[in-house]
Amino acid sequence: MSDLPGIDIRTGAEGAMELALTGAWVMGAALPDLESLLSDPKVADAPRLRLADGGIADWDSILLTYLRRLEARIKDKGGTVDRSGLPEGVARLLALAEAVPRREDTGTGGARPGFVARAGAAVIRLGAEARDMIAFLGLAAMAFGKFLVGRARFRGSDLALVLEDCGPKALPIVTLISILVGLILAFVGAVQLQLFGAEIFIANLVAIGMAREMGALMAAIIMAGRTGAAFAAELGTMQVNEEIDAFVTLGISPMEFLVLPRMLALALMMPLLCLYADLMGILGGAVVGIFMLDISPIQYFNQTKQFLDMGDFAVGVFKATVFGILIAIAGCLRGMQCGRSSQAVGMAATSAVVLAIVLIICADGVFAVLFHIMGI
Amino acid sequence: MSMAAHIDADDAHIVVSDLDMAYGSFVVQRDLNFTVRRGDVFIIMGDSGCGKSTLLRHLVGLKAPARGSVAINGESLWDLDEDAREAAMRRFGLLYQSGALWSSLTLAENIALPLGEYTDLSKAEIAELASLKLSLVGLAGFEEFYPSEISGGMAKRAGLARAIALDPEILFFDEPSAGLDPISSARLDELILELRDSLGATVVVVSHELASIFAIGTNSVFLDAEKRTMVAEGPPKDLLEACTVPKVRTFLRRGAE
């Protein structure tokens, strides 16, 4: 086993030049230098070389790769190689490796395109993606229309499951985040308002900030990360397993069966989550007001009640409903577009979250301008 | 790792003794006793749900026996410490039902990964070996393809190329014919035999594809799902001629008594 691999150059029985392999040709052993072997005049000038077993102690795949390289070089120079002296297994494996010729017309998978080509392809893809998204919106709207006239096909139990998942099960995280956001708002405001001795207005700041803006926004961002990603991963895995194809071939619209219940669930649950987040945020603000600024609980409550009207809540709830639909659309769109590999599922989930958050913030910006103009 | 190992026909390679397999308290199969000789193409057959794939998981050391032992080259896998068991498992090549290629890697990278992990070879040598293995299964030129870009039959062959990456001494196949057309299936059978002969490897196949069983099997066991133990053992052709167990006869005659 320990003897090094080597090659003896000798004249064989029929007068042909013979390369006799000796030693252990195993992975990790130092193989004879191919260049110096080929530059040997006896080898370089021989028209025909015979490979022979000169006492091979052991061998594995590394011998095969060495011989393939050697043969390729000899053939390049116009020589021929005779394998008849090799151990049977070696000769058979070499023959097997050549049995199916190398495919050259494989098309994809060749050289990767350059930077300019990739940039161009990305722009074209962007256009196609926009088209896909509009088409998806159209299909979703049609499915919703069917639902309104009571002809959409999906199972009530599916809707109930999704409702549970994006409603009650989201409460703990929404509680935590909303209380903290209320706290943070109050802290940021407190420092400034104390300068004017106007600490009591902390209640206004937190209440209006939560009800109009932060409640809906934070609930939406939590749900985008939690539920939007889950939708994309679920539908993506179904795409990988050809379950979506199975729906289509059976004439069941995946838009109605899979996407619609998810959209409905988020559209129904987001307003409730938003209201809940509003209250939790106000609670968080109250903690700061009562314990740090020494405002009495009654005072804080009255101040909040006096300056907050239902309109503020309505603005938040309306926005939350829209955000919910956007999250569901982003998650389901990315899930339905998912490729057919496990890697694609991960990418779908990531891109669903990114898309949902971008859509939420953009929509929020539009609403801010609209509500300002409309004076709401 | 050596392929030049001398094949002695009566040399026991895998010895299964008194093996019970269980998931928790649910016993899948009990009292399994059989020997796979060096150079065998050993078939594990049985009706659906009898635990064929579970037995395979026991043979390759992915699952510990509830009782009894699986010995490879005289060493019981579960008597070894974890490092030694992992080293032993490296001498196995396993082809999964669907190929189980890593989807984020190209075919060449799929084969190069174990080589890079367990050998000190240079990048160029590893690339050359990966290329060789793909050529051996008839996929030369597909090095840069991703698993999602090739057909199911090709994925299976690529999985085989990965299974032989480390020059295994035992090759395990889980349903190699499943999902393949008869021509591809027959070619895969030929490839299995060719690799067995030239690599000098022992082959263990889980299969219920009769054509394939008779074409390549040199020995076999039959697991019964109801009795939860093996009910027949021997070369498949002999079982077809002489086995008196009704279920085995029916199985080997495709339902005809």
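Which side chain of chain B does the side chain of Arg92(A) meet in a salt bridge? In this predicted model, where local features need pLDDT of at least 70, side-chain atom pairs count only at pLDDT 80 or more, and totals for chains, interfaces and linings use all residues, side-chain values rest on heavy atoms, with hydrogens and water left out. Residues are numbered from 1 along each chain as its sequence is written, while chains are lettered from A and ligands numbered from 1 in the order in which they are written.

The partner of Arg92(A) is Asp197(B), at 3.5 Å from N to O, and the interface of chain A and chain B holds 4 salt bridges by the rule that a side-chain nitrogen of Lys or Arg lies within 4 Å of a carboxyl oxygen of Asp or Glu. On the side of chain A that touches chain B, at least two residues each come from strand S3 (48-59) and from helices H3 (61-76), H4 (88-99) and H13 (342-374), these elements being DSSP runs numbered from the N terminus (helices H or I, at least four residues; strands E, at least two). H3(A) gives the largest share of that side, 6 residues.

Contact, meaning heavy atoms within 4.5 Å, takes in 27 residues from chain A and 33 residues from chain B. The area buried between the two chains, that is, the accessible area (1.4 Å probe) that two parts lose on being put together, summed over both, is about 2,700 Å², with 61% given by carbon and sulfur atoms. Within chain A, the residues that lose the most area to chain B are Met27(A), Arg92(A) and Leu96(A), together 20% of what that side buries.
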